[in-house]
Structure formats: C-alpha cells, structure tokens
Amino acid sequence: YEIYLNGMTGATPRLPTDLTRLEELAEHRLPPRAVGYVAGSAGSGTTAAANREALDRRRIVPRMLRDVSERDLSVEVLGRTLPAPLALAPVGVLSIMHPEGEKAAARAAAAQGVPYILSSASSTPMEEVASAMGDAERWFQLYWPKDPEVARSFLDRAKASGFSVLVVTLDTPMLAWRPRDLDEAYLPFLHGVGTANYFTDPAFQAGLAKPVNEDPNAAVMRFVGMFSDPAKTWPDLAFLREHWDGPIVLKGILHPDDAQQAAESGMDGVIVSNHGGRQVAGSIGAADALPGVAEAVGDRLTVLFDSGIRSGDDIAKALALGARSVLIGRPYAYGLGLDGQAGVEHVIRCLLAELDLTLALSGHASPASLSPSDLIEHH
Ligand code: FNR
C-alpha cells in the first residue's frame, strides 16, 4: 500500500522490488572486489545454480475460496514467536559493502522485527553490534575456533551481549575454492578486519607474544590457524552443549543422517543450507535436501532453511517443504551495499510483502497451513 500511495505523488521505490534486479544493480554499481566477495560461490557456480534450479523446479498449486481475509505471518521458532518466517543469515566482513557494516544490517533487522544472526567473522565486535540493537532478537553464529579457550570466551561474550541462540556453522572447516576471491588474493577478507571478534577477544590476545597493534602479522597468523577446525567430530558437540544454555542450531546440514545425529547430540535445530553454494561445488541444491531432513527430524528439531531464497514465493516453497523459517544472505548484503540500513529494510519488507500476497493468493492465511502437497515438482 505504501508503494501505491507514494506512487500517487509520482515517487517510485529507490531500489528495485525484484531482488534479482537488485543483484544486477549491485554488480553494476558496487566495487568489483566487494560485490565479487558477496556474489561469488564455489568452483564455477554449479551449486549456486542448483539452489535456484531446486526452487524453480517446484511450483505452487494455488487454492481458492479459503477465507484469507485475516492473515498472520508469525511462526514459533525455538520457543519464541517471530513476527515472520525470516532471519538475516550470518554474513562476514560486511564493512566491505558499507561503512556501517553489521551495525546497519542489525539495526534494519531490529527495526523490522526479524532476528539478526551475527557472524563470527564480522567486521564489528559482537558487543558493538549488540548495543546497536537494543533488546531486539539476535543470534550468534560460531565458526568453532580450534583453541577451546577462545571458543569458550566467544560463547561467554555472546551470552553477556544478549545473543539468545547459538548457530554453529559446520560446512566451513576450511574456506572452499572460490575463484572470485582467489582472483583478488583473498583481499576482501582483510577488509575492515574481518577478524574483529578475534582481535578483541581476551583469550585470543592471551595467546599472542605481543599486542595485536605491535605485531599484526602474528595476530593474523594465529587467527588463520584457528578460525575453524577440520578435526572436529560429532562427540565434540558436548563441549558446546556444556557451555551454552540456550538453543543450539547446526548450520550446513544436507543429509538426513546428519540431521539424525544432530537430534541425538542434543541439538535444538538444524539449518538446511549449502552456504549459498559457496562451499562444495557440484553439490545438491539445498531445497532438494529439505524434504529428507524434515522427514527425518521435523518432529524433534526446528528445521530452518537457506541458500537461494530471492522472493516471497521461494519462502513459501521452503516452508511447504518443511522449514519453519528461512534465512537470506546475499539479497540483504546487496541492499546494504546499495543503501545502507534503508536498503536492508527494503529487502526485508519486499520479501515479507510478497510472501503475504503469495500465501493469500494461494489460499493460506498463515504459514502453518502450508504442506508438501501445495507444491508439484515440474520436470
Ligand atoms: C556467507 N555465509 C556465511 N555463513 C556463516 O555461517 N558465517 C559467515 O561468516 C558467512 N559469511 C558469508 C559471507 C557472504 C558474503 C555470503 C554471501 C554468505 C553463508 C550465509 O550465512 C548463508 O548460508 C547464504 O548466504 C545463504 O544463501 P543466499 O541467501 O546468499 O543464496
């Protein structure tokens, strides 16, 4: 309605309302290194393409005459009621897109009432992001540091800063082969000190011979050596369960057996995700993994979804396939790059307005009534 009303005075939205056009605009307007970091994916992009294909192959079958006059997008997620089935995915080093980086994105999430998931690899320390958000819903994403003292310190800091849910990303024991970053010698990762949470961490600093500003190279080497740990196995999750009281969600689950293991390890949820196609090239589209995971653990764990969501109908499809809520990554990073906090808010509002219309026009008054039978697979 706001767009229609503004339109009567001749004003059109500042950014495109179709998020694929927003991406084109970002590629056109933003510095190549920044947009390459966000848009890039593993190998030649086969998995990112598979994410789109898996969503596009499924089609909604609209139903009629089902009273959709009163609608409600709210969902129950991990014991809290969220106003809509949407969260901002953890995206590292956002200062490369905008000087206000994570703070602008977090403020946008807070203003629109969707959870903000802060990356371990943020360019802003978690305490600063937390204080920019008031008491709005925030979750912390952990790249599980090799040094258990640093891991514990991260959990303590996140708890003290009001982050309520721990999201543990499992699909990045190392960074994948990402040509657009490799061709830039991984310089994007140094932008805005992507290691802010590390360099400000007392346990991290305790392991350095000299303070960070006196020997930054040693600090970078310590960070690179510990940011994630490829030796971890399922029993190690007991450490996180012991040191985190709130819900724990495992991000990057694609196989039903891994989802089963998550349930058996005392976890609260999983995020079906292939990191937006940025880790394993040639892997399945994330939406193709969703039905199997939902069937295996949907009654025991909260199942969330990301990778490839670009529209309200994509969200409806993911919910129909068994997700309780979805996350978006690149779309809000482009919004941030193009128009700061307002750009992120634009992306959130477009998606939720389109979701509301898609549900209504398909005969659904709330996300809860969606099921796999609302989709057909098109071959
Ligand atoms: C990511 N993603 C990510 N995930 C994570 O757990 N920690 C992180 O620090 C990052 N960093 C990051 C940077 C950039 C530039 C992108 C695009 C993505 C993955 C992210 O959380 C999410 O899984 C995907 O972005 C979802 O796919 P779409 O929405 O980008 O298609």
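Let me begin with the shell around the ligand, whose residues divide into 9 nonpolar, 10 polar and 4 charged, where Ala, Val, Leu, Ile, Met, Phe, Trp, Tyr, Cys and Pro count as nonpolar, Asp, Glu, Lys and Arg as charged, and the others, Gly among them, as polar. This is a predicted model, in which local features need pLDDT of at least 70 and side-chain atom pairs count only at pLDDT 80 or more, while totals for chains, interfaces and linings use all residues. Residues are numbered from 1 along each chain as its sequence is written.

Of the 23 residues around the ligand, Ala89, Gly92, Ser119, Gly276 and Gly329 come nearest, a residue being near if its C-beta atom, placed from the backbone, lies within 6 Å of the molecule. Helix 3 (32-39) and helix 16 (330-361) each supply at least two residues of this shell; helices here are DSSP runs of H or I with at least four residues, and strands are runs of E with at least two, numbered from the N terminus.

The unreviewed UniProt entry places a "binding site" feature at several positions, including Tyr143 and His275, though such annotations may be inferred rather than shown by experiment.

Tyr143 sits in the loop between strand 6 (138-142) and helix 7 (148-160), and counts as buried because it has 22 C-beta neighbours inside 10 Å, the cut-offs being 20 or more for buried, 12 or fewer for exposed, and partly exposed in between.

His275, in the loop between strand 9 (269-272) and helix 14 (286-297), is likewise buried, because it has 24 such neighbours inside 10 Å. Leaving aside residues within four places in sequence, His275 is in contact (C-beta atoms within 7 Å) with Asp171, Thr172 and Gly252.

Technical notes:
Contact = placed C-beta atoms within 7 Å.
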